[in-house]
Amino acid sequence: MSRIIAQRLIQACFVVVGASLVVFMLLHYTGGDIVLTMLPDWATEEQRADYRRKLGLDLPLPVQYLNWLGAAAGGDFGMSFRNDMPAMDLVVERFPATMQLAATALLVALVVAFPLGILAAVRRGSWWDRACMGLALVGQSIPGFWLGLMLILVVAVELRWLPVSGRQGPEYLILPALTLATGPLAQFARLVRSCMLEMLAQDFVRTARAKGLRERTVLVGHALRAALLPLVTVIGLEMGALLNGSVVVESVFAWPGIGRTLIAALEQRDIPVVEAGVLLVSVIYIGINLVVDLLYAFLDPRVRYR
């Protein structure tokens, strides 16, 4: 197990460096001249050259990247161009809001998807099965931004049951969490049904039933337990996707998280904030996959001996 942990940590370090390189190059090749957006139109060429030198933008791009990477390794991600504070501090300040939204959405998706998927598998071919899978198909097909706007229009504006936007209390979390949870919920429900159908056809389930065990014990203690292995992988990947999906949902509901901050930073050409934010999300995504890999090795002993 320790060998697997060491291998995954080394691979994770390479992936983080690779992600930082891609983000750095994309921002600098597609971002245009940052100095032109930072200084007023009446600034002279000499003033612009001095500003480039001050930011280190006059150096070759590989040197800029190595300087940025060295500083980032020491925890210095530079200062925000638009806010008078370190870029990473600005991103970390918004991190709890994004995690609160993503964790709530994941919890809602899991709590609803597992009963739906199990019910559809146990009642295969019935109207319960068709209804559950029909809802899952609809949920997976609806774009998040459209669903968010419809919820705002119907629930918040017309019915006035919940607030439109912001983050002042628990009631402000309901609509964005539901919007973000809809896609993963549908995917989980379909996957749980598929895995349960496969497990219910296995010999060990028939043996458990032949022993006279209660149906609930057979379903939960045997079939569902065996089906958890592929589900763990998908749930872990979906947690990372929730962080990415929160960018759109945070913008729709004015939720003060990392996604909304990154969009504002892109609009303002605040490159240090974008680099710090994308790198933080990449590290979290890679960390989640690392945990999933280790959990997979823990649940399936065959992985440890490959």
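1. Arg-53 and Asp-50 sit three residues apart in helix H3 (residues 45–55), so about one helical turn separates them. Helices here are DSSP runs of H or I with at least four residues, strands are E runs of at least two, and both are numbered from the N terminus. The side chains of Arg-53 and Asp-50 meet in a salt bridge, 2.8 Å from N to O. A salt bridge requires a side-chain nitrogen of Lys or Arg within 4 Å of a carboxyl oxygen of Asp or Glu. Side chains of opposite charge can pair when their charged atoms come close. Asp-50 counts as partly exposed because its relative accessibility is 37%. The cut-offs are under 20% relative accessible area for buried, over 50% for exposed and in between for partly exposed, with a 1.4 Å probe and protein chains only.

2. A word on the basis. This is a predicted model, where local features need pLDDT of at least 70, side-chain atom pairs count only at pLDDT 80 or more, and totals for chains, interfaces and linings use all residues. Residues are numbered from 1 along each chain as its sequence is written, and side-chain values use heavy atoms, with hydrogens and water left out.

3. Overall architecture. The protein chain has 13 helices and zero strands. Its C-alpha trace spans about 85 × 60 × 30 Å along the principal axes. Of its 306 residues, 40% count as buried. Take the contacts in the chain with a separation of 6 or more: 73% of them are between residues 24 or more positions apart. Contact means heavy atoms within 4.5 Å.

4. The whole structure holds six. One of them joins the side chains of Asp-129 and Arg-193, at 2.8 Å from N to O. Asp-129 is buried because its relative accessibility is 5%. Arg-193 is buried too, with a relative accessible area of 19%.

5. Arg-206 and Asp-203 form another salt bridge, with the closest N and O atoms 2.4 Å apart. Both residues lie in helix H9 (residues 203–210), three residues apart, about one turn of the helix. Arg-206 has a relative accessible area of 45%, so it is partly exposed. Asp-203 has 51%, so it is exposed.

6. Check Ser-80. This residue lies in the loop between helix H4 (61–73) and helix H5 (87–122). Ser-80 is buried because its relative accessibility is 8%. Its side chain makes a polar contact of 2.5 Å with the side chain of Asp-270. A polar contact is a pair of N or O atoms within 3.5 Å; within protein, one must be able to donate a hydrogen and the other to accept it, and residues adjacent in sequence count only if both atoms are side-chain atoms. Leaving out residues up to four places away in sequence, Ser-80 touches several residues, including Pro-86, Leu-90, Asp-270 and Val-273.

7. Leu-101 belongs to helix H5. It is buried, as its relative accessible area is 0%. Setting aside neighbours within four places in sequence, its contacts include Leu-173, Leu-180, Val-249 and Trp-255. The C-alpha atoms of Leu-101 and Gly-257 are 8.6 Å apart, although the two residues are 156 apart along the chain.

8. The largest pocket has a volume of about 500 Å³. Its lining has 21 residues, and those closest to the centre are Leu-55, Trp-68, Gly-78, Phe-81 and Pro-272. H1, H3, H4 and H12 each supply at least two lining residues. H4 gives the most, with four. By class the lining has 13 nonpolar, six polar and two charged residues. Ala, Val, Leu, Ile, Met, Phe, Trp, Tyr, Cys and Pro count as nonpolar, Asp, Glu, Lys and Arg as charged, and the others, Gly among them, as polar.

9. On a 1 Å grid over the protein atoms alone, a cavity is a set of points where a 1.4 Å probe fits but cannot get out; a pocket is an open set with protein on both sides within 12 Å along at least five of seven lines, and lining residues have an atom within 4 Å of a point. Points are joined across faces, edges and corners, and a volume is the space filled by probe spheres set on them. There is one cavity of 30 Å³ or more. The largest cavity holds about 40 Å³ of space. Trp-68, Glu-275 and Ser-282 are among its lining residues.
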